[in-house]
Amino acid sequence: MAKKKGKKIRVAFKKNRQRKVRNNKLSSHRVDEQIDSQYMDASERLTGKGDLTRHRTVMGVEQETKDGTSIVIDIDESVCIKGRVIRSQGLNSVVQVEDGRRLDCTVRRLVRTMARDDRNAVVAGDHVLVRPEGDENQAVIERVEPRHSYLSRGSNRREHILVSNIDQAVIVVSAADPPLKPSLIDRFLISSEKGNIHSIICINKIDLVDPIEFQPLIGVYAQMGYDIVLTSVLDGTGIGRLRSLLKGKQSVFSGQSGVGKSSLLNQIDSRLLLETAEISQETRKGRHTTRSAVLLEISSGGWVVDTPGIRQLELWDVASEEVEGYFREFHACVPQCRFPDCSHTHEADCGVKRAVDNEFISRQRYQSYLKIIAGDEPRPVYHQ
């Protein structure tokens, strides 16, 4: 299929990049970095008419994605190489290109300007086009291709994309030390489904408890069709099954600090040698050992991404009235509600509340739903 021809498109600057114009002295402003100087021709212009009207005209193509319209920058692909971002931190990224080399890359400012993620314009997993510059191991990321899947969260009222272009998320929680947070599982399930990612729930450190305690919890998620695996790094429980679930897939390991994500990955592939740490004996919380998302190839086939642990997961761009759609067990009950705009909180004759009372819907899941629509952060659940 013939490639669409690029056209001039007006793109707004990010707010934190804007500066007021100083009395028409445009020449006193540095309009771009040296990395973009060769592109400042008729295809790109910078105007400054105040704090809210700074825009750039770029040559690009508009493409429809699952989240709306995405602008693909029109560049000279003949001087670029295709690659995949292995690691990204700040303005620097490591990109593995088609011939297997790994290049240290900076990011063209136009890419940063147009990025939807204010924290990272480029994330681990991104497919990119890079232009070699400097010595043989250096390049510039000229374009990030549209993402077909991603895992993200809210951070300081902005979207923070953790990783992109993966098949499945392994949501790792611990049976104890730190305590399991069912509400955090539910938030990860929503974020994964919103980002077009299949979810696997992994309950680690199962050797610390009697597994029978978790049968009700396991049953709730298993009935909804989620893959569940119980694991223990200490005695090897579930490691073989988890390894088989990862084979040939691109997976991200996510969860709070201290649940054992890096330890599990070391068991799955001993060559990884990821740094691990014991949880704090004072706070019973995990210590951060993974500081940035990294794409890792495993010997059994496939790729995994180890992500920094988090203690809270703020959902991004999920309105309260949309939350019910991510609770699979609600689907059959919503049509039974008396009111079409029922929030399933206080209304009379609510099909969801009736199902909770009759134990068709887990009360724990329903409480999780109420916390999410109210904006409450998940709290630990301690097992006796």
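# Briefing: a buried helix, ring pairs and salt bridges

I298 lies in the loop that joins strand 16 (294-297) to strand 17. Helices (H or I, at least four residues) and strands (E, at least two) are DSSP runs, numbered from the N terminus. The model is predicted, so local features need pLDDT of at least 70 and side-chain atom pairs count only at pLDDT 80 or more, while totals for chains, interfaces and linings use all residues. Residues are numbered from 1 along each chain as its sequence is written, and side-chain values use heavy atoms, with hydrogens and water left out.

**I298 and its surroundings**

- I298 has a relative accessibility of 3% and counts as buried; buried means under 20% relative accessible area, exposed over 50%, and partly exposed in between (1.4 Å probe, protein chains only).
- Leaving out residues up to four places away in sequence, I298 touches L246, D269, R271, L272, W303 and V304, where a contact means heavy atoms within 4.5 Å.
- L246 is 52 residues from I298 in sequence, and their C-alpha atoms are 9.0 Å apart in space.

**Helix 5**

- Six of the eight residues of helix 5 (residues 261-268) are buried, so this helix is largely enclosed by the rest of the structure.
- The buried residues of helix 5 are K261, S262, L264, L265, N266 and I268.
- Their cover includes strand 12 (168-174), strand 13 (198-204), helix 4 (239-246), strand 15 (249-254) and strand 17 (302-306).

**Aromatic rings**

- A pair of aromatic rings is described by the distance of the centres and the angle of the planes.
- Rings of Phe, Tyr and Trp (its six-membered ring) pair if their centres lie within 6.5 Å; planes under 30 degrees apart count as stacked, over 60 as edge-to-face and the rest as tilted.
- By this rule there are five aromatic pairs.
- Y366 and Y369 form a stacked pair, 6.3 Å centre to centre with 25 degrees between the planes.
- Y366 and Y369 are three residues apart in helix 7 (residues 363-374), which means that about one helical turn separates them.
- Y366 is buried at 6% relative accessibility, and Y369 is buried at 2%.
- Ring pairs link F327, F330, Y366 and Y369 into a cluster.
- The charged end of R328 sits over the ring of Y226, 4.0 Å from its centre; this term requires NZ of Lys or CZ of Arg within 6 Å of the ring centre and within 35 degrees of the ring normal.

**Salt bridges**

- The whole structure has 13 salt bridges, each a side-chain nitrogen of Lys or Arg within 4 Å of a carboxyl oxygen of Asp or Glu.
- E77 forms a salt bridge with R143, with the closest N and O atoms 3.0 Å apart.
- E77 is in the loop between strand 4 (68-73) and strand 5 (81-89) and R143 is in strand 9 (residues 138-144), so the pair ties together parts that are 66 residues apart in sequence.
- E77 is partly exposed at 33% relative accessible area, whereas R143 is buried at 6%.
- R147 forms a salt bridge with D126, with the closest N and O atoms 2.7 Å apart.
- R147 is buried at 15% relative accessibility, and D126 is buried at 0% relative accessible area.
- K194 forms a salt bridge with D317, with the closest N and O atoms 4.0 Å apart.
- This pair links distant parts of the chain, 123 residues apart: K194 is in helix 2 (residues 182-194) and D317 in the loop between strand 17 and helix 6 (351-357).
- K194 is buried at 15% relative accessible area, whereas D317 is exposed at 56% relative accessibility.
- R108, R131, E133 and E142 are joined in a network of salt bridges.
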